[in-house]
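I opened the notebook for a look at side chains. My entries follow the viewer.

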Amino acid sequence: LWLPAPAPASASRTPRAASSGRPARSADFAAIARLGDAVNALHHERFPFIFTPAGDLAAHAAFWRARWREGAAEQFWVAERDGGVVGFASAQVVDETPNALGRSHRFVRVGAVRVDAPLRGRGSGTALMQAIHAPAAQEGAREVRLTVWDFTRGAIALYERLGSALRSRYMARPLG
């Protein structure tokens, strides 16, 4: 795969003052579950008819662990600050096959990104995205794609600072 394999659980944790991104390891999933629950809480607040309520960390841990395993298409990274996990991201390479409407190309699809609220704006989101971008480009991915909810203005600002631009809109209309 184009992405680094998950680091072994025994890898050492070096305290760092600045944020840094690294591949996730099994020991990170308690933090990933906590961060995933926070993402879910935000989305449930806006769209309770789509997203489940927050608070079930065991369900989040099971969900994210099922998506992460060595050799899987979707890979995970964590951001560390002062030796603790303060953010995570998931992504995978997609090889688009040619058809009557489009050409073949390789891109990276970012699935989830979350940084602890009190630490936003201090480089953790940037570190996560850079951890995704560098190996993807080395493996021939031509772009990074992600879906971002319109109410997450801070995330939108981060992605724009990193060079992303609006390409399309996903719209919904409730029925009934």
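Is I132 buried or exposed? I found I132 buried, at a relative accessible area of 0%. Buried means under 20% relative accessible area, exposed over 50%, partly exposed in between (1.4 Å probe, protein chains only). I132 sits in helix α3, residues 124-138.

I noted the ground rules. This is a predicted model, where local features need pLDDT of at least 70, side-chain atom pairs count only at pLDDT 80 or more, and totals for chains, interfaces and linings use all residues. Residues are numbered from 1 along each chain as its sequence is written, and side-chain values use heavy atoms, with hydrogens and water left out.

I turned to R22, in strand β1, residues 20-23. Helices (H or I, at least four residues) and strands (E, at least two) are DSSP runs, numbered from the N terminus. R22 is buried, at 12% relative accessible area. Beyond its neighbours within four places in sequence, R22 is in contact (heavy atoms within 4.5 Å) with residues including D28, F76 and V85.

Next I looked up the aromatics. I found 11 aromatic pairs in the structure. Rings of Phe, Tyr and Trp (its six-membered ring) pair if their centres lie within 6.5 Å; planes under 30 degrees apart count as stacked, over 60 as edge-to-face and the rest as tilted. F63 and W64 have ring centres 4.8 Å apart and planes at 85°, so I logged them as edge-to-face. F63 is partly exposed at 42%, while W64 is buried at 10%. The W149 and F151 planes are at 40° with centres 6.3 Å apart, so that pair is tilted. Ring pairs link F29, F63, W64, W68, F76 and F88 into a cluster.
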